[in-house]
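Thanks for coming, everyone. Please bring the structure up on the screen, and I'll walk through it.

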Amino acid sequence: MGEPYQDREASDPKLRATDLTRTFGRTPHTVDALGPLDLTVAPGEFVCVVGPSGCGKSTLLRIAAGLLRPSMGTLEIRTSSPRPAAMIFQDYGIYDWKTVRANVRFGLDIQRVPRREANARADDWLARMGLSDFAHAYPATLSGGMRQRVAIARALAVQPELLLMDEPFAALDAQLRTILQDELLDLTQSLRTTTLFITHSLEEAIVLGDRVLVMSARPGRIIAEHRPPFPRPRTGDIRTAPEFTALKSELWDLLRKEAAPV
Ligand SMILES: Nc1ncnc2c1ncn2[C@@H]1O[C@H](COP(=O)(O)OP(=O)(O)OP(=O)(O)O)[C@@H](O)[C@H]1O
Ligand SMILES: [Mg+2]
């Protein structure tokens with residue numbers, strides 16, 4: 001393997017991780033989950049992270065979301081209140097006891113946005129996600145894809161400065177996954193939302209990312225960076241481009257080495 005990966009300094013990044021390391025458990029039963037890892041995400045940038053299962057991707061995102069502390073190193077997020085970071089979890093994290101609309105309004109309620117305005121903004125996002133007819137339904141009555149849309153609407157309704165997404169489409173069938181990828185592409189390109197996006201899917205990473213970072217097996221470090229050669233605004237049509245297939249197989253070669261049993 002070549003030189004260790006060095007993230008180029010973004011001048012005023014929204015997110016900066018420096019020598020970030022996370023270990024779980026106590027000696028002698030410790031698990032080195034992550035790092036050391038350096039990462040910056042510039043304003044408006046969409047950074048995708050791929051890596052083998054268990055390499056520390058969710059750990060990275062949970063640290064970024066402030067849900068977990070680093071063992072060593074730092075992760076700084078520069079957002080100006082009242083537009084916080086918003087996270088979409090691997091398992092959606094929506095509340096089954098709240099209606100769909102109340103779920104979408106959740107972040108706005110925390111921000112103490114007045115109820116009337118919060119409802120209007122929630123309804124606007126429900127309409128964008130094709131969920132208007134389900135505003136008063138409970139999540140248990142929705143399909144997996146619809147629940148995922150609720151989670152996306154909830155995260156975007158607060159107009160986050162930084163969007164953290166942990167395999168948001170992993171549980172969906174291929175067709176819906178493609179549709180939601182295209183929707184997210186549209187949304188993030190029009191809103192210029194700074195996004196850190198974890199996925200197992202190379203195709204997803206290439207469609208969405210300004211940069212695709214490849215992580216090693218645990219403890220996850222960044223071993224490669226690729227910039228998909230597709231100018232913005234882009235559409236899902238790039239999936240059929242020869243450069244797309246070439247990049248996908250290059251990334252797959254890297255990942256296969258990391259995922260191989262030793
Ligand atoms: N709370 C915890 N306590 C102990 N070990 C943990 C904890 N959370 C994660 N780990 C361990 O840290 C490592 C990285 O886990 P993490 O969930 O970050 O992986 P991941 O890359 O998100 O995997 P996947 O692709 O399967 O979602 C794993 O070995 C996991 O067992
Ligand atoms: Mg994970």
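The classes are: under 35 degrees roughly parallel, over 145 roughly antiparallel, 65 to 115 roughly perpendicular, and the rest oblique. Here the axes of H2 (residues 100–110) and H3 (residues 115–128) cross at roughly 125° and come within 9 Å. Axes are lines fitted to C-alpha atoms, for helices over the stretch in contact, with angles from 0 to 180 degrees between N-to-C directions. Helices (H or I, at least four residues) and strands (E, at least two) are DSSP runs, numbered from the N terminus.

A word on the basis. This is a predicted model, where local features need pLDDT of at least 70, side-chain atom pairs count only at pLDDT 80 or more, and totals for chains, interfaces and linings use all residues. Residues are numbered from 1 along each chain as its sequence is written, and chains are lettered from A and ligands numbered from 1 in the order in which they are written.

Who touches whom? On the H2 side, the contact includes Val-100, Val-104 and Leu-108; on the H3 side, Ala-118, Ala-122 and Trp-125 are among them. Contact means C-beta atoms, placed from the backbone, within 7 Å. That contact has seven nonpolar, one polar and four charged residues. Nonpolar is Ala, Val, Leu, Ile, Met, Phe, Trp, Tyr, Cys and Pro; charged is Asp, Glu, Lys and Arg; the others, Gly among them, are polar.

Next, H3 and H4. The axes of H3 and H4 (residues 144–157) come within 9 Å and cross at roughly 135°, so these helices are oblique too. Arg-121, Ala-122, Trp-125 and Leu-126 in H3 meet Ala-153, Leu-156 and Ala-157 in H4. Six of those residues are nonpolar, none polar and one charged.

Now the strands. E1 (residues 15–24) runs antiparallel to E2, joined by seven bridges. Strands pair if DSSP finds at least two bridges between them. Arg-22 has Leu-34 in E2 as its bridge partner. The two strands make a hairpin with six residues between them, and Gly-25 in the turn has a positive phi of about 80°.

Key
Contact = placed C-beta atoms within 7 Å.
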